[in-house]
Amino acid sequence: MVVRIVSIIAYLVLAPVVGCILAGLDRKMSARMQRRVGPPILQPYYDVRKLFEKEKQAPTRFQDFYIIAYLIFLIGAGAIFFGGGDLLLVIFTETIGAVFLIIAAYSSNSPYAQVGAERELLQMMAYEPMMLLTAIGFYMFHGSFTVGDLIAADNMAFLPMIGIFFGFIYILTIKFRKSPFDLSMSHHAHQELVRGVTTEFVGRTMGWIEISHWFENIFILGFIFLFFCNGTVWGFVVGALVCIAAYFLEVIIDNCFARMKWQFAFKSAWIAASVLGMVNIFILQLVF
């Protein structure tokens, strides 16, 4: 119990810091790939601090409530994950948080925000099957949905679940909203929806959304970490390194591919879940 409490506190304190630094490295690396100097690594922090200094404005009085609920559910999902809780509960909690973001965008009555909300909903429908198959795969291999049991397991799940791993890497591009699947919103200027789902969010509200993304990115990378846990320090080191490599792989993909249509994102994600995920589940059923 003490270890779980310490882990949760560490997540609450360190996740926004690490998430902010990763976002800064993302911008820096993207700039270098485009032969630009780029902003300082702490630029995401400076941006959020400036957002909190702006005058409070909102098209509806309920918008801030929805965004705070979005933040709380994402923090809760991460706390459950790093507290060693149930993996399915993590996925369901994160999904509820994403629904609040969609509702907030719909409540603004902006056509750009509403189209972005529709695309965000389509993206959820695209990546959720693979998320659930990942949890099911861990259960079939380790016999538990509990994150604490998965971390303490003796056997590394990567090779037996290699199909699920690559399926999860595929939908990670959607989760991080990177090209070619930055359909609902983008941190870059090429997005034809201006800011998509976040078009009508300004000031402190937009700051909370950015902080939410920092929390979310960290516990989503935690799923990748689970593939390499084997109860040893070596497993922890390998898992952490693969998480870093996966994040920067997404940055490279983001800068090398043009944005695709939502139909391609939806179909390809379900094909990845069907081929990589379901086939791997079938093999696990036969072998384990």
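Which side-chain oxygen reaches to the backbone nitrogen of Leu88 at the start of α4? Asp86 supplies that oxygen, within 2.8 Å of the nitrogen.

Hello everyone! What we have here is a predicted model, where local features need pLDDT of at least 70, side-chain atom pairs need 80 or more, and totals for chains, interfaces and linings use all residues. Residues are numbered from 1 along each chain as its sequence is written, and side-chain values use heavy atoms, without hydrogens or water.

Let's stay with α4. Helices here are DSSP runs of H or I with at least four residues, numbered from the N terminus. At 1.5 Å a residue, the 21 residues of α4 (87–107) should span 30 Å, and the end C-alpha atoms, 31 Å apart, agree with that; the expected span is 1.5 Å times one less than the number of residues. Just after α4, Asn109 takes a positive phi of about 65°.

Now for the rings. Rings of Phe, Tyr and Trp (its six-membered ring) pair if their centres lie within 6.5 Å; planes under 30 degrees apart are stacked, over 60 edge-to-face, and the rest tilted. That rule gives 22 aromatic pairs. Take Phe165 and Phe227: their ring centres are 5.2 Å apart and their planes at 80°, so this pair is edge-to-face. Phe165 sits in helix α7 (162–175) and Phe227 in the loop between α8 (203–226) and α9 (233–256), so the pair ties together parts 62 residues apart in sequence. Ring pairs also link Tyr11, Phe81, Phe82, Phe168, Phe215 and Phe223 into a cluster.

Definitions and conventions: Helix = DSSP H or I, 4+ residues; strand = E, 2+ residues; numbered from the N terminus. Polar contact = N/O pair within 3.5 Å; in protein donor to acceptor, adjacent residues only side chain to side chain.
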